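Biologist: Please put the model up, and then I will ask about it piece by piece.

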Amino acid sequence: HQETLTLLWSFIVSMYCVGGMIGCLCSGYLTAKYGKKKCLLFNDVVLIVATLHTGFSRRAKSFEMILIGRFLEGIGIHMNAHVQYAGEISPKKLRGFVNVTSSVFLALGKAVARILGLRDLLGTEDMWNVLLSFSGLVALIQLLFLPFFPESPPYLLLQKGDKAGCLKAIKKLWGEGEHQAEVDDLQKQKAAMENIKILSVLEVIEDQTLHWQLCILIIVIITLQFSGINAV
């Protein structure tokens with residue numbers, strides 16, 4: 001029945017957004033408590049589990065597995081720990097460039113996915129599940145190599161108060177040299193943050209002084225969704 005297929009297709013597309021919302025809401029708490037590196041490793045495991053569901057859904061003849069896979073993919077991709085980690089482990093002179101590359105590679109990934117989705121490649125009745133599982137390969141590569149990288153220096157100093165660990169991570173990432181200036185900047189940032197209260201989502205909503213900024217942000221995000229970006 002065409003109406004049933006359309007409904008299932010809509011659910012499959014929407015589950016990614018539902019998972020993304022949950023991933024975004026959990027991102028701040030998890031990265032502050034466990035660090036960016038551990039969250040990235042968790043993301044990799046979630047994405048691999050998600051791609052196993054989508055990859056074997058055709059053999060199992062189960063659309064429920066596709067729904068679960070899309071939901072988990074939304075959680076893993078939208079935790080945004082990768083952007084924070086890449087920016088924090090970068091030297092100050094390259095930090096802006098590195099932060100921009102996340103958007104560049106996001107667009108590149110979408111372009112590659114659209115090319116692979118052509119009917120001459122993986123967009124066929126026999127290979128669509130392989131296409132949906134392609135992101136698991138990238139997650140597996142990161143899961144294998146990320147453990148050899150240190151935790152981000154700002155997290156070690158600002159959240160854990162580990163100055164020695166912070167300096168050790170900086171030297172491992174940027175090489176031997178004089179990095180005291182970067183450590184001093186982080187300590188100044190830590191001192192400034194001690195006098196700043198971090199608001200929860202509920203507190204932001206209840207704070208009347210932030211209503212206009214919140215409304216503008218919501219309108220921008222809603223407008224972006226109406227552009228059809230998630231359908232793409």
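Biologist: Is Lys 33 buried, partly exposed or exposed?
Modeller: This is a predicted model, and Lys 33 lies in helix H1. Its relative accessible area is 40%. Buried would need a value under 20% and exposed one over 50%, so Lys 33 counts as partly exposed.

Biologist: Over which ring does the charged end of Lys 33 sit?
Modeller: For a charge to count as over a ring, NZ of Lys must be within 6 Å of the ring centre. The charged end of Lys 33 is 5.6 Å from the centre of the ring in question. That ring belongs to Tyr 34.

Biologist: How many Å apart in space are Lys 33 and Leu 144?
Modeller: Along the sequence these two are 111 residues apart. From C-alpha to C-alpha, the separation of Lys 33 and Leu 144 is 23 Å.

Biologist: Gly 28 lies in helix H1 too. How far in space is Gly 28 from Ser 200?
Modeller: Gly 28 has a relative accessibility of 46% and counts as partly exposed. In sequence, Gly 28 and Ser 200 are 172 residues apart. Their C-alpha atoms are separated by 9.6 Å.

Biologist: How many helices and how many strands does the chain have?
Modeller: Read from the N terminus, the elements run α-α-α-α-α-α-α-α-α-α-α-α. The C-alpha atoms fill a box of roughly 65 × 45 × 25 Å along the principal axes, and of the 232 residues 27% count as buried. The tally for the chain is 12 helices and 0 strands.

Biologist: Which element gives the largest share of the lining of the second largest pocket?
Modeller: The second largest pocket has a volume of about 520 Å³. Of its 23 lining residues, the closest to the centre are Glu 88, Pro 154, Leu 158, Leu 186 and Gln 189. Elements giving two or more residues to the lining include helix H1 (2-34), helix H5 (92-116) and helix H10 (180-193). The largest share, 6 residues, comes from H10.

Biologist: What is phi of Lys 61?
Modeller: Lys 61 is in the loop between helix H2 (36-60) and helix H3 (63-77), and at 78% relative accessibility it counts as exposed. Most residues other than glycine have a negative phi. Lys 61 has a positive value, near 55 degrees.

Biologist: Where is Gln 142, and by how many Å are its C-alpha atom and that of Leu 224 separated?
Modeller: Gln 142 is found in helix H7, residues 135-145. With a relative accessible area of 29%, Gln 142 is partly exposed. Along the chain, Gln 142 and Leu 224 are 82 residues apart, and their C-alpha atoms are separated by 30 Å.

Biologist: How many aromatic pairs does the structure hold?
Modeller: To pair, two rings must have their centres within 6.5 Å. The number of such pairs in the structure is 0.

Key. Residues are numbered from 1 along each chain as its sequence is written. This is a predicted model: local features need pLDDT of at least 70, side-chain atom pairs count only at pLDDT 80 or more; totals for chains, interfaces and linings use all residues. Side-chain values use heavy atoms; hydrogens and water are left out. Rings of Phe, Tyr and Trp (its six-membered ring) pair if their centres lie within 6.5 Å; planes under 30 degrees apart count as stacked, over 60 as edge-to-face and the rest as tilted. A charge sits over a ring if NZ of Lys or CZ of Arg is within 6 Å of the ring centre and within 35 degrees of the ring normal. On a 1 Å grid over the protein atoms alone, a cavity is a set of points where a 1.4 Å probe fits but cannot get out, and a pocket is an open set with protein on both sides within 12 Å along at least five of seven lines; lining residues have an atom within 4 Å of a point. Grid points are joined across faces, edges and corners, and a volume is the space filled by probe spheres set on the points. Helices (H or I, at least four residues) and strands (E, at least two) are DSSP runs, numbered from the N terminus. Buried means under 20% relative accessible area, exposed over 50%, partly exposed in between (1.4 Å probe, protein chains only).
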